[in-house]
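Dear colleague,

I am passing on the structure we spoke about, with the sequence alongside. Please look it over before reading my notes below.

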Amino acid sequence: MTGARGSLARALQQLAPSGVEIFPFSRAELDIAEPQSVQAALQSVRPNLVINGAAYNLVDKAESEGMSDALRVNALGPAVLARVCRENDVPLVHFSTDFVFGGEKTSPYTEEDKPNPLGVYAASKLAGENIALAGSPHNFAIRVCRLFGPVEASNGAHGSKPGGNFPLLMLNLAQTRPFVRVVNDQIGTPTYTPDLAVAVWQLLQNAEGGLFQLSNDGEVAFDEYAREVFKIAGRQCEVQAVSSEEYGAPARRPHYSVMSNKKAQKIGVSPLRDWRAALVEFIQQLQ
């Protein structure tokens with residue numbers, strides 16, 4: 001497993017089925033864009049499956065100084081992994097994003113809907129999933145959405161570093177600010193990494209490869225998401241709703257990116273619970 005220190009990667013390790021042995025490689029230990037390093041790693045552990053948990057997720061930074069990093073990690077890295085995995089006859093599992101869609105729909109996107117990435121990050125993720133799928137019919141590309149979940153502090157305990165974790169970011173901001181400005185026109189599905197990990201393992205047991213989408217149930221705009229975080233946590237912090245245009249982030253984002261999970265459910269993956277129930281569990285564990 002690459003990118004082994006990420007939230008989803010750790011959840012996959014913690015919730016792996018009985019009998020599954022995982023060999024984790026952090027970003028510092030393995031550069032997925034270096035063919036010799038990837039080949040050496042595969043030869044050293046000789047896995048039955050490679051799970052790529054590495055990703056560049058700095059959406060706004062990717063529009064400027066982070067462009068080369070985004071392309072290296074999200075596109076070149078999967079290309080190297082796909083080639084080395086094919087040479088070693090090992091399936092690859094790669095994670096993509098709801099941001100591959102342009103947000104034109106008002107009903108959940110399916111795997112058959114045409115992607116329309118709006119920025120560098122989204123385009124790099126779409127390239128990665130296409131490369132992974134082209135590498136072998138046994139490879140997986142799994143689109144996920146708005147991940148949140150336990151994070152790991154430097155001492156190994158669950159910490160409070162927000163990263164891309166929206167609930168943690170809101171709770172941290174609420175400690176020093178009377179209000180936060182949050183966009184009200186970007187709708188998606190917050191997805192809890194432990195729930196997602198269980199679904200991923202079910203998918204890998206039930207399918208032989210392909211493109212799938214996995215997320216918790218339900219949908220919400222970011223401003224309402226923030227209000228729900230504060231409500232559950234008992235924090236007093238005003239949410240000032242603004243449009244994406246008013247907020248002025250460097251990268252464009254889809255206004256609607258809810259994804260259908262029906263394809264995965266048809267082959268036996270259990271539906272993930274509503275995101276609110278998962279958020280309650282997450283915040284209770286923090287407290």
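Predicted model: local features only at pLDDT ≥ 70, side-chain atom pairs only at ≥ 80, totals over all residues.

I begin with helix 3, which runs over residues 67-87 and reaches 29 Å from its first C-alpha to its last, close to the 30 Å expected for its 21 residues at 1.5 Å a residue. Even so, helix 3 bends by about 35 degrees at Leu 76, with a proline, Pro 78, following within four residues. Both Pro 78 and Gly 77 are among the buried residues of helix 3, which also include Ala 70, Val 73, Asn 74 and Cys 85. The partners against which these buried residues pack are helix 2, strand 1 (50-52), strand 2 (92-97) and helix 4 (120-135). After helix 3 comes Asp 89, whose phi is positive, near 55 degrees.

The largest nonpolar core has 27 residues, and those touching the most other members are Met 170, Val 180, Val 182, Tyr 225, Val 229, Phe 230 and Leu 279. Two or more residues each are given to this core by helix 5 (166-174), strand 5 (179-183), helix 7 (222-233), strand 10 (238-242) and helix 10 (275-286). Beyond its neighbours within four places in sequence, Val 229 is in contact with Pro 167, Met 170, Leu 171, Leu 279 and Ile 283. A second, separate core, of 24 residues, includes Phe 140, Leu 196, Val 200 and Leu 204.

Lastly, Ser 26 lies in the loop between helix 1 (7-14) and helix 2 (35-45), and is buried, because its relative accessible area is 11%, under the 20% cut-off. Leaving out residues up to four places away in sequence, Ser 26 touches Ala 4 and Arg 5.

With best wishes

Note on methods
Residues numbered from 1 in each chain as written. Heavy atoms only, no water. Core = buried A, V, L, I, M, F, W, Y, C linked by side-chain atoms within 4.5 Å. Buried < 20%, exposed > 50% of the residue type's maximum accessible area, 1.4 Å probe, protein only. Contact = heavy atoms within 4.5 Å. Expected span 1.5 Å × (residues − 1). Bend = angle between axes of the 7 residues up to and from the residue.
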